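Hello,

Here is the structure I said I would pass on. Please open it and keep it beside you while you read my notes below.

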Amino acid sequence: MTLVESTRARGQAIWAQIAQTLQDEITSGVVKPGEQLPPEADLAARFRVNRHTLRRAVAALAEAGAVRVEQGRGTFVAEDVIDYALGQRTRMSENLRKLDRTPGSTFLRAAEMPAPVRIARSLNIRAGRPVIQLETLSHADGRPLCLGSNYFPKARFDGIIEDYRRLGSITKALASRGIDDYFRKVTRIMAQMPDAGDARLLQQPRNQPVLVTESIDVDPAGTPIGFGIARFAAARIQLVVEN
């Protein structure tokens, strides 16, 4: 019996049965979060229905939050959204482990540069003083989650690049430089569209925004130790501000 025949026999709308079939496949893991569904024409042929019926089924899944439809790209299974806490002690790996996620980090690049005015002001140093820029890509369960641009005063943290390469963690690299604990002084949150490089690294379309945070971390004495700009894949995370 075909899908059309079975749905007619049960008096159920065909589009609803298609939506349920696709939902079952998503729930069972046949199609995983972030993966693209087959093209519309292929799905219509599979279920032996016209495209109008197929589109109604996909629209129902989108309304339920099971999939997202990206114009010009296709339909993708919605990803689990991570509640990422921003508080006085914000640590990427620690936050993810608390959520039973497996953290990971990839070193992208590093450089020494004169501090632009905005970064110098955040670090409480003179503009033009040397800072170390460290670019990283953080993962959760193997999926790219966040691109980080981190800036440290060279006078205090010369050698932190080698420490990060060796330890794979900014928190551990700071500890190796005598910073056993540090605190978030301020976090600014905004949204923007990613450039081509960020979209590629985060594995998301350029027409999908990223969440951006700008932050200043200080040591226990209140001295700024780092300024960071993080770009989060907005479809995979929501930022939770803790009091």
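Aspartate 198 sits in helix α10, which covers residues 196-202. One thing to keep in mind from the start: the model is predicted.

Is aspartate 198 buried or exposed? Its relative accessible area is 12%. Buried means under 20%, so aspartate 198 counts as buried. Which side chain makes a polar contact with the side chain of aspartate 198? It is that of arginine 231, at 3.0 Å. Set aside the neighbours within four places in sequence, and aspartate 198 is in contact with Leu147 and Arg231.

**The sheet**

Next, look at the strands. Strands of a sheet pair through backbone hydrogen bonds, in either a parallel or an antiparallel way.

Now pick out one pair. Strand β6 (residues 143-153) runs antiparallel to strand β9 (residues 224-233), and 6 bridges link them. Find serine 149, and you will see isoleucine 229 of β9 opposite.

**Helix α3 and the residue after it**

Helix α3 takes in residues 40-47, and its buried residues are Leu43, Ala44 and Phe47. They span an arc of only 100 degrees around the axis, so they lie on the same side of α3.

What follows α3? Arginine 48 does, and its phi is positive, near 60 degrees. This residue is not a glycine. Arginine 48 belongs to the loop between α3 and α4 (51-63). With a relative accessible area of 64%, arginine 48 is exposed, because the cut-off for exposed is over 50%.

**Another positive phi**

Aspartate 141 also deserves a look. Its phi is positive, about 55 degrees, although aspartate 141 is not a glycine. Where is it? Aspartate 141 is in the loop between β5 and β6. Its relative accessible area is 40%, so aspartate 141 is partly exposed.

Best wishes

Note on methods
Residues are numbered from 1 along each chain as its sequence is written. This is a predicted model: local features need pLDDT of at least 70, side-chain atom pairs count only at pLDDT 80 or more; totals for chains, interfaces and linings use all residues. Side-chain values use heavy atoms; hydrogens and water are left out. Helices (H or I, at least four residues) and strands (E, at least two) are DSSP runs, numbered from the N terminus. Buried means under 20% relative accessible area, exposed over 50%, partly exposed in between (1.4 Å probe, protein chains only). A polar contact is a pair of N or O atoms within 3.5 Å; within protein, one must be able to donate a hydrogen and the other to accept it, and residues adjacent in sequence count only if both atoms are side-chain atoms. Contact means heavy atoms within 4.5 Å. The arc is that of the directions from the helix axis to the C-beta atoms. Two strands pair if DSSP finds at least two bridges between them.
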